[in-house]
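These are my notebook entries on a single protein chain, written in the order in which I looked things up.

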Amino acid sequence: MDELTHRYYVQGKTYPCSVSSVWKVFFEDFDGSHMSFQCLSSARKWGFKSLDSSVYNLVLYLLLFERLDAQGVDFLVRMGQAMQIARTWYAERNDDLPYDLEEVQ
């Protein structure tokens with residue numbers, strides 16, 4: 001595979017199909033906007049279910065959609081803001097955070 005052109009080769013010859021085109025035969029198109037909305041709605045309703053998955057999803061969002069640099073100040077500020085929002089959300093419900101903020105840092 002040539003990543004730059006997204007072309008596949010078999011024994012040196014261009015192959016007309018991509019992995020994506022094969023998968024499309026078996027699965028519906030992924031609606032990222034709808035899935036993001038569902039995830040956010042669930043988080044608003046139920047809170048963080050798992051520190052690992054919540055932080056992982058936030059990191060992916062910041063890296064892939066916001067295009068922030070994982071080592072940059074903006075990324076760290078946004079992570080800190082998210083953790084503060086979580087702290088407030090749990091405090092309003094008289095509930096303890098399911099994690100220690102230092103775990104995330």
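Entry 1, Tyr15. I began with Tyr15 and found it in strand β2, which covers residues 13–15; helices (H or I, at least four residues) and strands (E, at least two) are taken as DSSP runs and numbered from the N terminus. I noted Tyr15 as partly exposed, at a relative accessible area of 43%, where buried means under 20% relative accessible area, exposed means over 50%, and partly exposed is in between, with a 1.4 Å probe and protein chains only. Not counting residues up to four places away in sequence, Tyr15 touches Tyr8, Tyr9 and Val10, a contact being heavy atoms within 4.5 Å.

I am working with a predicted model, in which local features need pLDDT of at least 70 and side-chain atom pairs count only at pLDDT 80 or more, while totals for chains, interfaces and linings use all residues. Residues are numbered from 1 along each chain as its sequence is written, and side-chain values use heavy atoms, with hydrogens and water left out. The mean pLDDT (the predictor's confidence in each residue, from 0 to 100) is 77 for the protein, and 84% of its residues reach 70 or more.

I recorded 5 helices and 2 strands, which follow one another along the sequence as β-β-α-α-α-α-α. Of the 105 residues, 16% count as buried. Taking contacts between residues at least 6 apart in sequence, I noted that 33% of them join residues at least 24 apart. The accessible surface comes to about 9000 Å², and 56% of this belongs to carbon and sulfur atoms; the areas come from the Shrake-Rupley method with a 1.4 Å probe, and for residues only the protein chains shown count as cover.

Leaving aside neighbours within four places in sequence, Phe75 is in contact with Val59, Leu62, Leu63, Leu68, Asp69 and Ala70.

How many salt bridges does the structure hold? I found 1, defined as a side-chain nitrogen of Lys or Arg within 4 Å of a carboxyl oxygen of Asp or Glu. The partners are Glu66 and Arg78, whose closest N and O atoms are 3.3 Å apart. Glu66 lies in the loop between α3 (51–65) and α4 (73–92), whereas Arg78 is in helix α4, so the pair ties together parts that are 12 residues apart in sequence. I noted both as partly exposed, Glu66 at 31% relative accessibility and Arg78 with a relative accessible area of 30%.

I found a nonpolar patch on the surface formed by Val19, Val22, Trp23, Val25, Phe26 and Phe27, with about 660 Å² of accessible area together; patches take residues with over 30% relative accessible area and no salt bridge, joining like charges within 9 Å and nonpolar side chains (Val, Leu, Ile, Met, Phe, Trp, Tyr) within 5 Å. Val19, one of these residues, is in helix α1, residues 19–26, and counts as partly exposed at 43% relative accessibility.

Gln11 is not a glycine, yet I noted for Gln11 a positive phi of about 50°; Gln11 is found in the loop between β1 (8–10) and β2 and is exposed, at 81%. Arg67 also has a positive phi, near 55°, in a residue other than glycine, and Arg67 lies in the loop between α3 and α4, exposed at 68%.
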